[in-house]
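Here are a few friendly notes to read alongside the model. Please keep the viewer open as you go through them.

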Amino acid sequence: MAESWFYLHEGRPVGPVEESAIGALLHAGSLGPASYVWREGMADWLPVAEIPPLRALIVPVSVLPPLPAPSSVGPSSRRDGLLGNLAAGISRYAELPTLSGVPVRDLLIGGLGPGGQPVSIEDELIVGTESTTPPLEAIAPGFPKPRIFWRIFGGSLATYLLLQMGLWQFNNPNFVPGMIVIGSFVVPLSIVVLFFELNTPRNVSIYQVGKMFLLGGAISLVITMFVVQLVPWSGTGNIFAALLTGVVEETGKALTLLLMVRYARYRWEANGLLFGAAVGAGFAGFESAGYAFMAALNSQSIGSATLSILIRGLLAPGGHVIWTAMVGSALWKIKKERPFSVDMLFHPTVLRRWTIAVILHGLWDTDVYFMPWWIQEGLLIILGWYIIFAIVKEAMAQVTAAKQQVMTQVILAQR
């Protein structure tokens, strides 16, 4: 072939194909101005818009047919089984795509493999200010491969184990407060860093994340205490009381997001995921520390406190962090570049995802007698992350569409 091109599809090279095939993919909308291509003789992958022979093949946005609405019924959602059907039903209810094309493995452990990113971890954290937020054209294509959150988790876990060893070796209770703090926040903080890495626009600074993690977590607890006065029947055990607890706590955390939703520069659905995760993680950390403290007081046993920390740490990935992230993503999806208004809180999309969070929360706190608790909460974790990965797919599609629109406008202006 005279011209043999390769293009990236879901982060993987495809080809070789002829130039006419690239043109057909551009016309069909499968590739866009921001899609990366390569051929022999090129030093690196480049966007289509930066290659003159291919630039002429770009179809202006005005003549492209409208994209079909994402289907919530795909191969993954037609699988037999209660869990698959339930996940598909939730996708339809939440107006989310299926997980087709989402590299879940890469999102979770892809950053641990060889050939990692050349940028240092310190440089990856220096983003989010007016001078360090990259332009849309500079955002890397495809799904990211998070790696920092595993380092945070590993370091925190090592710290906790050192404190645990000190307690065992010296039987000194002074190690316990450190264990409560580290143990309560280790997993929630790691999950927040994962959402930070999934925020591909890179427009949120680590300072803002920390503010919502600590200050937002504390404020959400206080707001929840006010809301619970209005719902005196909340609790755990039976489904009715547990759902009311979900209503109280998810409302308290959602209202805390108003601290950030008013800023116009945070306009992406991925931003809402991150801010929601930060608030939920702070709430979870303070709550876990409180439970561990009360366990030690009530039983007069340090072992009760450490057991409480261990169990809540193992379950943290499926709890408050992702529930509030769902609500935050919906609020930012509706807001976009517009100024915030109170009626956005009552938009159907926001109410649907808030309802899903409440139901997951309620089922989490309900005593189910026909299965072990660890199976019950394991299934809820799987369902919760199914929804999160679908939201990540939707959020990345929003960024990709905006990036392609910007690059198309640049190309049209140069013609």
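1. **The chain as a whole.** Please bear in mind that this is a predicted model. The protein chain contains 15 helices and 4 strands. It has 415 residues, and 46% of them count as buried. If you take contacts between residues at least 6 apart in sequence, 75% of them join residues at least 24 apart.

2. **The second largest pocket.** The space in this pocket comes to about 700 Å³. Its lining is made of 31 residues, and those nearest the centre are Arg312, Leu315, Trp364, Asp365 and Glu377. By type, the lining splits into 12 nonpolar, 13 polar and 6 charged residues.

3. Which of them gives the most to the lining of the second largest pocket? That is H12, with 6 residues.

4. **A closer look at H12.** The length of this helix is a simple check to run. H12 has 14 residues, so at 1.5 Å a residue it should span 20 Å, and the 21 Å between its end C-alpha atoms agrees with that. Its buried residues are Ala305, Thr306, Ser308, Ile309, Gly313 and Leu315. When reading such a list, recall that an α-helix has 3.6 residues a turn, so residues three or four places apart point the same way.

5. Thr236 sits in the loop between helix H8 (206-228) and H9. Is Thr236 buried or exposed? Its relative accessibility is 58%, so Thr236 counts as exposed; the cut-off for that class is over 50%. Beyond its neighbours within four places in sequence, Thr236 is in contact with Ala241 and Asp365. Trp364 is 128 residues away from Thr236 in sequence, yet their C-alpha atoms are 9.0 Å apart.

6. **The cavity.** The structure holds 1 cavity of 30 Å³ or more. The largest cavity has a volume of about 60 Å³. Around it are Phe195, Leu198, Asn199, Thr200, Ala270, Leu273, Val392, Ala395 and Met396. This lining has 7 nonpolar residues, 2 polar ones and no charged ones. H7, H11 and H15 each give at least two residues to the lining of the largest cavity, and the largest share, 3 residues, is from H15.

7. Arg147 lies in the loop between helix H5 (121-125) and helix H6 (148-170). With 9% relative accessibility, Arg147 counts as buried, as the cut-off is under 20%. Which side chain does Arg147 meet in a polar contact? The side chain of Glu124 does so, at 2.3 Å.

8. **Backbone points to check.** Most residues other than glycine have a negative phi, and most peptide bonds are trans. Gly15 and Pro16 are joined by a cis peptide bond with omega of about 5°, and Pro16 belongs to strand S2 (residues 12-17). Asn171 is not a glycine but has a positive phi of about 55°. Asn171 is placed in the loop between H6 and H7 and counts as exposed, at 65% relative accessibility. Arg202 too has a positive phi, near 55°. Arg202 lies in the loop between H7 and H8, and its relative accessible area of 15% makes it buried.

9. Ser30 is in the loop between helix H1 (19-28) and strand S3 (36-39). Its relative accessible area is 52%, so Ser30 is exposed. Ser30 and His9 are 21 residues apart along the sequence, and 9.0 Å separates their C-alpha atoms in space.

Terms used: Residues are numbered from 1 along each chain as its sequence is written. This is a predicted model: local features need pLDDT of at least 70, side-chain atom pairs count only at pLDDT 80 or more; totals for chains, interfaces and linings use all residues. Side-chain values use heavy atoms; hydrogens and water are left out. On a 1 Å grid over the protein atoms alone, a cavity is a set of points where a 1.4 Å probe fits but cannot get out, and a pocket is an open set with protein on both sides within 12 Å along at least five of seven lines; lining residues have an atom within 4 Å of a point. Grid points are joined across faces, edges and corners, and a volume is the space filled by probe spheres set on the points. Ala, Val, Leu, Ile, Met, Phe, Trp, Tyr, Cys and Pro count as nonpolar, Asp, Glu, Lys and Arg as charged, and the others, Gly among them, as polar. The expected span of a helix is 1.5 Å times one less than its number of residues. Buried means under 20% relative accessible area, exposed over 50%, partly exposed in between (1.4 Å probe, protein chains only). A polar contact is a pair of N or O atoms within 3.5 Å; within protein, one must be able to donate a hydrogen and the other to accept it, and residues adjacent in sequence count only if both atoms are side-chain atoms. Contact means heavy atoms within 4.5 Å.
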